[in-house]
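Biologist: Hi! Could you walk me through this structure in plain words?
Modeller: Happy to, let's look at it together.

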Amino acid sequence: MSDQEIKSTPLESLHIELGGKMVPFAGWNMPVQYTSNMDEHTAVRDAVGIFDISHMGQFFLRGAGAEEWLNGILANDVNKLAIGEAQYTFMLNEQGGVIDDLIIYRFGDDKIFLVVNASMIDEDFAWLNKHLTDGLTLTNESDAWAGMAVQGPDAVAAYAKLFPTRELPKRNGIDKWDQDGSTFIVCRTGYTGEDGFELFTSAEQGATWFKNFVDAGAKPCGLGARDSLRLEVCYPLNGSDLSPERTPVQAGLGFFCALDKEFIGRDVLKKQKEEGMKERLVAIKYTGKGAPPRPHYGVFTKDGEQIGELSSGVFSPSLKEGIGMGYLPVKFAKIGTEVDIDVRGRKFPGKVVKKPFYKKD
Amino acid sequence: MSVPANLKYTADHEWIALEGDVATVGITQHAQEELTDIVFVELPEVGRECEEEEAIAVVESVKAASDIYAPLAGEILEGNADLEADPALVNTDPHGKGWIFKMKVKDLADVEALMDADAYTSHIGG
C-alpha cells in the first residue's frame, strides 16, 4: 500500500467537519474516532451510531446462471438465498483459506450485489474474473457508491424518521429503490451485534444522508468503536482473524459453509470437519485487570510455553475487561483453559471462554 | 486549553512539577484529549534509574498504547497507585490526581532545557 496514494471516501470532508480523527486504514483515509471510542461504542449498544462504510467494495454480477456460477465459487449455499435477501459467505482459495468474507444480496433472478472488504477489492475482483464464465458480467462499482452502517437499538426509529413511507426489511432482508435521482439499497445487517442496517446510495448523495442520520440522533462512530463492537460479539476481521492460511472451519464459522455442494476449497474444509484440525480460533478473556490485549500479543500456557498469538484484542468497553481472539492448538482450545497473555514481557492471566463475549439481554 | 503556568513541559506532552529535586510527572491536558479513554497505566518501577527520554511507563487507551518518557535523568521514587484502580483519572484530572510518577532529578540544571507554559502553548499550536 505504501506506494499507493491514500484514498478518500465521499464522506471524508464531512468526517473532518464532524471532528473525526483521520487515520489510514486499508488504503483509505478513515475516522478512527470522533470524540471518544468509549462513548461511540456505548452509543451503539444503548442508542444508535453511524459508521462510514464507503470504503468497502461493491460489485454487480449479472447474467443467466449467475447464482449457479457463484455457488461454485463461494462457500455458503446461494440456493438458500431468496430474492430480497442477503447472505454472509466466504471466498476461499484452493487450500480452503479465506480470501475474503463478504455479503451477497440477491435482487432478482441473475442479479447479485456483492459487498467486499475495502482492502480486498482488487484481489476479489481479479479472483472472480479469473473464474468468470461466458454470459456473466461482473462490474466493480465501488467508486460509485457511498455506504453507511446505522447500528443500535434506536436504528429502526432513525430509519422510520428519514424514510417514513418505507418499511425496514426483516433481519438479512434487503430493499432497493430510486429516490432523488439515486438508487438506494438497504439491508438489515451489521457488524456490531446490534439491530440496524447498512445503507448504500450514490457517492454524490452519501454525505447528505450520513448527515441526515446524524441530525436524526445517530452518533458518528469511527473504526475504533467498530472494532471493539465487532470483537465483543466475536465477528471476525479479515486479515486478522481470517487469512489465506486459515479456513472458516478453523475460525468456527463452518455454519456459513455448505459442505454438501461443490465450491472452491470445499475438500479441505470437509477433511478438516471429518479428521479434525490442529488449531482453532478461540475467544480469550482476561481474568483480572491488565494492560489491554492487542493483536500479535503472545498467548502462553501457565508453564510459560508459547502456544499462539492474538489475532484481535481490545479493552471491551461493555465488559470493562480485556478480550481477544487467537488460534490455539485444539488441546488448549477448550473452554476454561487458563492462559497468559504477554504484554511487553509482563504476563496477564486469561482464559478461553465461550463465544461471544457480549450478548444482548 | 489549560496549560498551567507553574509547570514545565516536554515536547512529548508531559508536564513536570518541581519541588526541590523531586519532579512529579504526568501527561498534559492536550495529550489526554488526543489519547482519550485511558484504560490502563503501566507505572514505572520504583528505584529504577533512568536517562532523559527513556521510555519508562505506558498509557493505554482503548485503541493504542503510548510510551511515557522520563523528562529528566534520575531515579523513580513512586508511581501513582490510584491509577491502577482508576486509570481514567488521567483523563479527568491530568494535571492533578492523574499524575503518573515522581522522580528524584539527578541534575537540576537539566530543568532549564524544559519548556515553560508559553513555549508549550505554542508547541501545541495554541
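Predicted model: local features only at pLDDT ≥ 70, side-chain atom pairs only at ≥ 80, totals over all residues.

Biologist: Which strands does helix H4 of chain A lie across?
Modeller: Helix H4(A), residues 121–131, lies across E4, E5, E6, E7 and E8 of chain A, and runs at about 170° to E8(A). Helices here are DSSP runs of H or I with at least four residues and strands are runs of E with at least two, numbered from the N terminus. Angles run from 0 to 180 degrees between N-to-C directions, with axes as lines fitted to C-alpha atoms, for helices over the stretch in contact.

Biologist: In what order do the five strands of the open sheet in chain A come?
Modeller: The order is E5-E6-E7-E4-E8, with antiparallel pairing. Two strands pair if DSSP finds at least two bridges between them.

Biologist: And which strands stand at the edges?
Modeller: Strands E5(A), 85–92, and E8(A), 137–140, do; each has a single partner strand, so one side of each is left without a neighbour in the sheet. From one strand to the next, the twist averages 25°.

Biologist: How many bridges link E5(A) and E6(A)?
Modeller: Eight bridges, in the antiparallel sense, with E6(A) covering residues 98–108. Met91(A) stands opposite Asp100(A) in E6(A).

Biologist: What does helix H3 of chain A touch on the sheet?
Modeller: H3(A), residues 66–73, packs on the sheet and touches E4, E5, E6 and E7 of chain A, and its direction makes about 35° with that of E7(A). Contact means heavy atoms within 4.5 Å.

Biologist: Is H3(A) mostly covered or mostly uncovered?
Modeller: Mostly covered, as six of its eight residues are buried. Buried means under 20% relative accessible area, exposed over 50% and partly exposed in between, with a 1.4 Å probe and protein chains only. Among the buried residues are Trp69(A) and Leu70(A). The cover includes E4, E5, E6, E7 and H4 of chain A.

Biologist: Switching topic: how many cavities of 30 Å³ or more are there?
Modeller: The structure holds one. A cavity is a set of points on a 1 Å grid over the protein atoms alone where a 1.4 Å probe fits but cannot get out; a pocket is an open set with protein on both sides within 12 Å along at least five of seven lines, and lining residues have an atom within 4 Å of a point. Grid points are joined across faces, edges and corners, and a volume is the space filled by probe spheres set on the points.

Biologist: Which residues line the largest cavity?
Modeller: The lining includes Met30(A), Phe51(A), Cys221(A) and Arg226(A).

Biologist: How much space lies in the second largest pocket?
Modeller: About 430 Å³. Lys289(A), Val39(B), Phe40(B), Glu84(B) and Pro87(B) are the closest to its centre of the 23 lining residues.

Biologist: Which element gives the most to that lining?
Modeller: Strand E4 of chain B, with five residues.

Technical notes
Residues numbered from 1 in each chain as written. Chains lettered and ligands numbered in written order. Heavy atoms only, no water.
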